Amino acid sequence: MLGTLNRRLLEFIAASPSPFHTVATVSALLEQDGFAPLSAAAPWQLQPGGRYYFTVNDSSLIALHIPDGTPTGFTMSASHCDSPTFKLKAHPQSSAAGNAYVQLQTEPYGGMLMSTWLDRPLGVAGRVLVEEQGRIVSRLVHLDQDLAVIPSVAIHMNRSVNDGFKYNAAVDTLPLYGVGSDAPSLLSMAAEVVGVTEKDILGHDLYLTCRSRGTVAGCNDSLLLSPRLDDLGCAFGCLEGFLNADSSDAITVYCLFDNEETGSESKQGAASTLLRDTLRRTVFALGMDEEGYQRLIANSFLVSADNAHAKHPNHPELADPQNAPVLNGGVVIKYNANQRYTTDGVSTALMRSICRMADVPVQVFANRSDMVGGSTLGSIANTHVPVRTVDIGLAQLAMHSAYETMGSADLPYLVEAMTTLYSKSLHVDNDGGLYWA
Ligand code: ZN
């Protein structure tokens, strides 16, 4: 039986084929719940009890719920809305002249498992910048059709391919868009979607999308398969908790960052000053000063939510023997001694106490000590916003595949934990003791 939450996650993912679409999807859900958009260029007039959200580049988003009384701190989560894919180049397709094949011109975005993008129908999604009545405006584009394929080389032409193959992104992963000298321009199709002509497109950020739909699979419906589970699983689970939570004494903050897969170093990424600037601006708009901001920071907590590697069924030797999560085992707390994950003893204890209140099982992840793992938002965001932070995630297999696998029981655990977290505010007593209230 496909649970309601899992079904809604798959709908959320299907509606979010690019970071721009994810921000639009989340914005619509926030507005349904009474959140009002804030403009970077206009004064912020925030009210106690108010709900607001703010977007940057149409690809990162921060939502804020102000408490009725004087805020005591910030209770926050951060997840990311980008995922590894291929970005279309400025001139996105080859000419058919002298070659019946028409190819798309792409470059990799992030570190994907390249082979998983081969031999499956691909679409295109993102945004175009068009001129309308003397203004340049951004329009979402989703060419929601089977538009292209990256064909494998037949086994007969590369007998050793199953012994390992090095993919060259300038050669092996160019998508085939079609055959014939009369192929329509891809940009003209994008223009048609937004009601303009190709010459009106002044700029674009368009990506390939895996068009395979998510599904519940396996015995007892125990698996959940979908594109972009990393990190839309956490983005959706944290949003559910944020919207479901009882009111808190803290300002509750939901962050969705773009560009995690390329290191977060962009104006809208977690390495920018976006989070710090937004928190400060919020506090000042509520009539507090720098001292007030610093006091709130002292009573704040951030959950950096990004998926975790589950122990692989075929390769258990790749996991740490004692610190390896499994599918359907609960929320994963992630550790790294060198601060690629920011979790420490304090933030572990705080997150475990939340999960205990929520009756949610906790697992742990650390890399084998002889393997270099990934990193994520938490430690990067901490360089600008120094708050107690835990890295958590949903256990998954095949991270950065075009089609990923997680357990079907874990999303409800994350939602329960985040609902409890967002209903609480962190306090420090005079002896340095920490408690949730
Ligand atoms: Zn991720």
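## Terms and model

Ala, Val, Leu, Ile, Met, Phe, Trp, Tyr, Cys and Pro count here as nonpolar, Asp, Glu, Lys and Arg as charged, and the others, Gly among them, as polar. This is a predicted model, in which local features need pLDDT of at least 70 and side-chain atom pairs count only at pLDDT 80 or more, while totals for chains, interfaces and linings use all residues. Residues are numbered from 1 along each chain as its sequence is written, and side-chain values use heavy atoms, with hydrogens and water left out.

On a 1 Å grid over the protein atoms alone, a cavity is a set of points where a 1.4 Å probe fits but cannot get out; a pocket is an open set with protein on both sides within 12 Å along at least five of seven lines, and lining residues have an atom within 4 Å of a point. Grid points are joined across faces, edges and corners, and a volume is the space filled by probe spheres set on the points.

The structure holds one cavity of 30 Å³ or more. The largest cavity has about 170 Å³ of space. Its lining is made up of 21 residues, and S83, P84, T85, W117 and R228 lie nearest the centre. By class, this lining has 10 nonpolar, six polar and five charged residues. Strand β10 (residues 201–210) gives the largest share of the lining, four residues. Strands (E, at least two residues) and helices (H or I, at least four) are DSSP runs, numbered from the N terminus.

The volume of the largest pocket is about 510 Å³. Its lining has 25 residues, with H309, A310, H312, L318 and M371 nearest the centre. These lining residues divide into 14 nonpolar, eight polar and three charged.

The second largest pocket holds about 340 Å³ of space. It is lined by 18 residues, of which L118, P151, S152, V153 and D172 are the closest to its centre. Here the lining has 12 nonpolar, five polar and one charged.

## Helices α2 and α4

Helix α2 (residues 19–32) and helix α4 (residues 229–244) have axes that come within 12 Å and cross at roughly 15°. Axes are lines fitted to C-alpha atoms, for helices over the stretch in contact, and angles run from 0 to 180 degrees between N-to-C directions. The two helices are therefore roughly parallel to each other; angles under 35 degrees count as roughly parallel, over 145 as roughly antiparallel, 65 to 115 as roughly perpendicular and the rest as oblique.

On the α2 side, T22, V26, L29 and L30 meet L232, L239, F242 and L243 of α4, where contact means heavy atoms within 4.5 Å. This contact has seven nonpolar, one polar and no charged residues.

## Helices α5 and α6

The axes of helix α5 (residues 274–285) and helix α6 (residues 290–298) come within 9 Å and cross at roughly 120°, so α5 and α6 are oblique to each other. From α5, R276, L279, R280, V283 and F284 meet E290, Y293 and L296 in α6. The contact divides into five nonpolar, no polar and three charged residues.

## Helices α7 and α9

Helix α7 (residues 345–358) packs against helix α9 (residues 410–422) at an angle of about 110°, with the axes 9 Å apart. That makes α7 roughly perpendicular to α9. In this pair, M351, I354, C355, M357 and A358 of α7 meet E416, A417, T420 and L421 of α9. Seven nonpolar residues, one polar and one charged make up the contact.
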